[in-house]
Amino acid sequence: MCGIVAYVGEREALPVIIKGLKRLEYRGYDSAGVALINGELQVFKKKGKVTDLETQLNEQELKSNIGMGHTRWATHGEPNDTNAHPHYSLDKKLAIIHNGIIENYASLKQELISKGHEFISETDSEVLVHFIEDIKANNNCTLVEAVRLALTKIIGAYAIVIMSQDDTNTLIAARKGSPLVIGLGKEEFFLASDATPIIEYTNEVVYLNDHEIAVIENNGLKIKNTEDTPMTPYIQTLDMELEAIEKGGYEHFMLKEIFEQPRSVLDCMRGRLSATDARLTLGGIREYAGALENAERLIIVACGTSWHAGLVAEYFFEEFCRLPVEVEYASEFRYRNPVIKEGDVVIAISQSGETADTLAAIELARSRGAIILGVCNVVGSSIARASHEGSYTHAGPEIGVASTKAFTAQLTVLFMIALRMAQRKGTITESKFREMLVEMENIPNKIEKALKLNDQIEYISDLFKDKSNFLYLGRGYNFPVALEGALKLKEISYIHAEGYPAAEMKHGPIALIDEEMPVVFIATRDSSYEKVVSNIQEVKARKGKVIAIVTEGDKLINQMAEFVIEIPATNEALMPLLSVIPLQLLSYHIAVMRDCNVDQPRNLAKSVTVE
Ligand code: F6R
């Protein structure tokens, strides 16, 4: 994880960096630090949030037109001032910021210690800057060459930026496995882990590729690879508005993102789905559409919330395409010896497009002949680029660490892929196809309606906020939603929660139920409705407190449950897009009432770029 940002140009670097770090704080918030050239190469760093560092820096007179900053999610070494980045070289003439993990740092460290290097921190990153310093001294070469030589010997993942006291207008950056974007302004340059710190200054960007080194000096950018071959920068123009990355009047990003869902789902369908014309076009899946159509099985890999979207997609592909599907945790898949046949199709789902396990899983599958289709939110992200083809979710930047609008956008894209494939395969009738398009087009309005339940959900949250455990139960399409509801509650309110298929309750979890246990049922009117009603009765018989998400107008469950939350009716397959909304709101309000940091929950980071 970790967020990195750097600047060189005419402006004061510090405000640009601090603002950028705040935008990147979702990537980690254990500690923060900056390096500036203020007469000499100076480093300031502190445990805690970027604002803590900012307060400390405000007390000093710091002027520099070049600088870099880092917000950390600890991997090696506990979060403290010393382990915070940037890290100095031994002679303090170089400083580094690093996102990633240097796997062979321990052996390099031993070697450097034997040469007289002393280390202040416990980090792998400090080892890297000392290693570069050592190579430069021994080879009597330029700093860029020393960086290049060092990177050829490094095992692991990195996005790094290096500053030197001897080259006060130069930034050197490199990446392998961790993202890095270069913003091209007018006689100024920006570097960041994603485009959010850059977008208010320029929308011209270059995404650095793995094994590339960028050298920004004398107002110019040069890129080469670690084999010393010059590369031509590919400049892209980003289509992202500044408002999209600000809170826009909401108390938290998470709430803003929950309320953005009618819009983000619509954006996701825009230009792709038209019920009037009975048309579904996925511009990103053309060349490999045939491969998906003819595939004998589909493997979906993802982590966390994206994995839950994958579980829903399993039902889509089975129901509409009659295609066998396996949904895998990317972290497990990559360490098994999975059976992959030439022509198997793997769909990788990832909001950030940077999740290390998902990236590694698709690299493994690709090396064995699979076709990879990416479903990512972040344009130009590593997973999007490592895929053969794919579809972006177009949900806009998701800043809150708990994923909300990305989930519903993922469901929308996966639904469209499945439906389009079903049409090509002839496994869906034309009338069913049209009916599903119409229903999908109605979803944004229905999400809008579900969001009107906010006050009721806030009221219920207040009654349950002090509970220590929650159970979430659902069946069929609503089972992955139960998992997602439980995950949302756990991660932002720190209440223990479990999601189960409702019928599985009898095989163990029912033992947990007593008058203290809130049980959230997703009990909308679908093919398993009657069965879920029986499950509710089983919980009531053991005095559990039932909060039920039901379809508008449901009378039966109203008589059994303590609380019912009524959401609009829709087709069973599309219900997760609606039934997840009250669960997102429930976790949000409970977390706020428990005084938790909703947008930056403890121990978590938005993008998990380490395994
Ligand atoms: C949960 C959450 C995580 C992510 C997971 C995968 O709210 O945000 O579980 O879903 O880390 O991240 P992406 O989708 O970026 O690959």
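This is a predicted model: local features need pLDDT of at least 70, side-chain atom pairs count only at pLDDT 80 or more; totals for chains, interfaces and linings use all residues.

Biologist: Salt bridges, then. How many are there?

Modeller: The count is 28 salt bridges.

Biologist: Why would such side chains pair up at all?

Modeller: In general, side chains of opposite charge can pair when their charged atoms come close.

Biologist: Take Lys 405. Which side chain does Lys 405 meet in a salt bridge?

Modeller: Glu 260, with N to O at 2.6 Å.

Biologist: Is Lys 405 buried or exposed?

Modeller: Lys 405 has 2% relative accessibility, so it counts as buried. Glu 260 is at 21%, so it counts as partly exposed; the cut-off for buried is under 20%.

Biologist: And Arg 434, what does Arg 434 form a salt bridge with?

Modeller: With Glu 430, where the closest N and O atoms are 3.9 Å apart. Both are in helix 14, residues 430-451, and they are four residues apart, so about one helical turn separates them. Arg 434 is partly exposed at 43% relative accessibility, and Glu 430 is partly exposed at 42%.

Biologist: What about Glu 491 and Lys 488, how far apart are they in helix 16?

Modeller: Three residues, which means about one helical turn, in a helix that covers residues 478-493.

Biologist: Which residues do salt bridges with shared partners join into one network?

Modeller: Glu 145, Arg 148, Lys 224 and Asp 228.

Biologist: Switching to packing. At what angle do helix 13 and helix 14 pack?

Modeller: About 165 degrees, and their axes are 11 Å apart. The two helices are therefore roughly antiparallel, since an angle over 145 degrees counts that way.

Biologist: Is the crossing of helix 13 and helix 14 left-handed or right-handed?

Modeller: That crossing is left-handed.

Biologist: Which residues make the contact?

Modeller: Helix 13 brings Thr 412, Phe 415, Leu 419 and Gln 423. From helix 14 come Glu 430, Phe 433, Met 436, Leu 437 and Met 440. By class, six of the contact residues are nonpolar, two polar and one charged. Glu 430 also came up above, as the salt-bridge partner of Arg 434.

Biologist: And helix 9 with helix 16, how do their axes cross?

Modeller: At roughly 170 degrees, coming within 9 Å. That makes helix 9 roughly antiparallel to helix 16. On the helix 9 side, the contact uses Gly 304, Thr 305, Trp 307, His 308, Leu 311, Val 312 and Tyr 315. On the helix 16 side are Phe 479, Pro 480, Leu 483, Glu 484, Leu 487 and Lys 488. The contact has eight nonpolar, three polar and two charged residues.

Biologist: Back to helix 7. Which residues of helix 7 are buried?

Modeller: Gln 261, Pro 262, Ser 264, Val 265, Cys 268 and Met 269. The cover over these residues includes helix 6, strand 16 (273-274), helix 13, helix 14 and helix 18 (575-593). Just after helix 7, Gly 271 has a positive phi of about 75 degrees.

Biologist: Which residues other than glycine have a positive phi?

Modeller: Asn 219 is one of them, with phi near 60 degrees. Asn 219 lies in the loop between strand 12 (212-217) and strand 13 (220-225), and at 49% relative accessibility it counts as partly exposed. Arg 322 is another, with phi near 50 degrees. Arg 322 is in the loop between helix 9 (304-321) and strand 19 (325-329), and it counts as exposed at 62% relative accessibility.

Biologist: Last one. Which residues does a cis peptide bond join?

Modeller: His 85 and Pro 86, with omega about 0 degrees. Pro 86 is in the loop between strand 4 (66-72) and strand 5 (87-88).

Methods
Residues are numbered from 1 along each chain as its sequence is written. Side-chain values use heavy atoms; hydrogens and water are left out. A salt bridge is a side-chain nitrogen of Lys or Arg within 4 Å of a carboxyl oxygen of Asp or Glu. Buried means under 20% relative accessible area, exposed over 50%, partly exposed in between (1.4 Å probe, protein chains only). Axes are lines fitted to C-alpha atoms, for helices over the stretch in contact, and angles run from 0 to 180 degrees between N-to-C directions. Angles under 35 degrees count as roughly parallel, over 145 as roughly antiparallel, 65 to 115 as roughly perpendicular and the rest as oblique. A crossing is left-handed if the near helix is turned anticlockwise from the far one by less than a right angle, and right-handed if clockwise. Contact means heavy atoms within 4.5 Å. Ala, Val, Leu, Ile, Met, Phe, Trp, Tyr, Cys and Pro count as nonpolar, Asp, Glu, Lys and Arg as charged, and the others, Gly among them, as polar.
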